[in-house]
Amino acid sequence: MFPAVFVLLLTPGATAESSLTCTPSSPGSHSLHYSLTVLCQDGFVQPSFSAEGRLDGQAFLHYDSGKGRAEPQGPWAEDFAAETWDTEIKDLTENGRDLRQLLAETMSLQEEKGGLHSLQETVGCEIREDGQARGFRSICYDGKLFLSCHLETHGCRVPQSLDQTLAMEIKKSWDTDGFQSKHYRAHVQGELCARLQSYVESRMGFTDRTVPPAVNVTLSQALEGRVNLSCWAFGFFLRNISVAWLQDEDRVNQDAQQSGGVLPDGNGTYWTWVTINIPQGEKQRFTCHEDHSGNHSAHPASSGNTLMHWSPWLILAAAVVCVISIMF
């Protein structure tokens, strides 16, 4: 078993780099943001939409309008009270309705309405290290940044793009119908920022609970009579963990160990891996040592699974291909 891989939905005309622009960077100490995606096929806006909520970059909820419910992502969010979920669902439903209307308006201004198109909204709040709260909203059309709004400045920015004229028309309509009204600013600057503070405090109260990692050891063939030993730890919470290889009970030099760092798994937990390259036939001398929240475990390389001609990066690439195949 290997960790799930979170893959961004790339719609026609999008690239991985452009899709990332719809999720604002969060230089502050804490951030809460919601990403909603609606689709249009051949000029018809689809009735369903999906949404995801993230706290400090870690997913804590997934919403599918077809199911009509928000699903917790990870152990912390599973403790939410019923009224919290009611509030989340109400907000996401209203925002999804507004985003569908915006996509319909956008398509009405287009001469070519064929094919698949998407509109993605990211809205939220970040609290900076100085304690100042900042609300933000960005819109991406077909994976490219379309409009970027920072509510503290009471204005939106239209980036240079092929769709700049279209974005200017949308911005005019927002200025007319009160998108930048006091009510909307109060919702983001007030309600969402207050929710962010509440969630941060709630999560801090959860940190005395832990979920231990599952650990897998794999062996893959390398070049010139050598093999790669990989130690995978996944499905754990809290984030802090130590995973390292030992040779004859001595820690392998850090420079000889490759790691992808500790990464969010898309379901509220985390995963990581550490790989070393060794001479073939010596795996019995190596053990993976894992330390999480004061609990230790050792996993001999001799107990691992053999993956012929595979490396950790190829495993990740295969997982990405698998997820994309499922999505499309």
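Me: Buried means under 20% relative accessible area, exposed means over 50%, and partly exposed is what lies in between (1.4 Å probe, protein chains only). At its relative accessibility, is Cys-288 buried or exposed?

Reply: Cys-288 has 0% relative accessibility, so it counts as buried. Cys-231 is at 1% and also counts as buried. For Cys-40 the relative accessible area is 0%, which means it is buried. This is a predicted model: local features need pLDDT of at least 70 and side-chain atom pairs count only at pLDDT 80 or more, while totals for chains, interfaces and linings use all residues. Residues are numbered from 1 along each chain as its sequence is written, and side-chain values use heavy atoms, with hydrogens and water left out.

Me: How many disulfides does the rule count?

Reply: A disulfide is a pair of cysteine sulfur atoms within 2.5 Å. By that rule there are 2 disulfides. One joins Cys-125 to Cys-193, with an S to S distance of 2.0 Å. The link of Cys-125 and Cys-193 is right-handed, with 105° about the S-S bond.

Me: Where in the fold do Cys-125 and Cys-193 lie?

Reply: Helices (H or I, at least four residues) and strands (E, at least two) are DSSP runs, numbered from the N terminus. Cys-125 belongs to strand E5 (residues 116–127) and Cys-193 to helix H4 (residues 182–206), so the pair ties together parts 68 residues apart in sequence. Cys-125 and Cys-193 are both buried.

Me: Which cysteine does Cys-231 form a disulfide with?

Reply: The partner of Cys-231 is Cys-288, and their sulfur atoms are 1.9 Å apart. This link of Cys-231 and Cys-288 is left-handed, with -75° about the S-S bond. It connects distant parts of the chain, 57 residues apart: Cys-231 in strand E10 (residues 226–236) and Cys-288 in strand E16 (residues 286–292).

Me: Which residues is Gly-124 in contact with, leaving aside neighbours within four places in sequence?

Reply: Contact means heavy atoms within 4.5 Å. Gly-124, in strand E5, has contacts including Leu-32, His-33, Phe-136 and Leu-192. Its relative accessible area is 0%, so Gly-124 is buried. Gly-124 and Ser-31 are 93 residues apart in sequence but 7.5 Å apart in space, C-alpha to C-alpha.

Me: How many aromatic pairs are there in the whole structure?

Reply: A pair of aromatic rings is described by the distance of the centres and the angle of the planes. Rings of Phe, Tyr and Trp (its six-membered ring) pair if their centres lie within 6.5 Å; planes under 30 degrees apart count as stacked, over 60 as edge-to-face and the rest as tilted. The whole structure has 12 aromatic pairs. Phe-60 and Tyr-199 are edge-to-face, at 5.5 Å centre to centre and 75° between the planes. Phe-60 lies in strand E3 (residues 58–64) and Tyr-199 in helix H4, so this pair ties together parts 139 residues apart in sequence. Trp-232 and Trp-273 form a tilted pair, with 6.3 Å centre to centre and 45° between the planes.

Me: How many residues does the largest nonpolar core have?

Reply: A nonpolar core is a set of buried Ala, Val, Leu, Ile, Met, Phe, Trp, Tyr and Cys residues joined through side-chain atoms within 4.5 Å. The largest one has 59 residues, and Tyr-34, Phe-60 and Trp-245 have the most contacts inside it. H4 gives the most to this core, 7 residues. Domain bounds come from an automatic or database domain assignment. Domain 1 (30–205) and domain 2 (214–306) both give residues to this core, so it lies between them.
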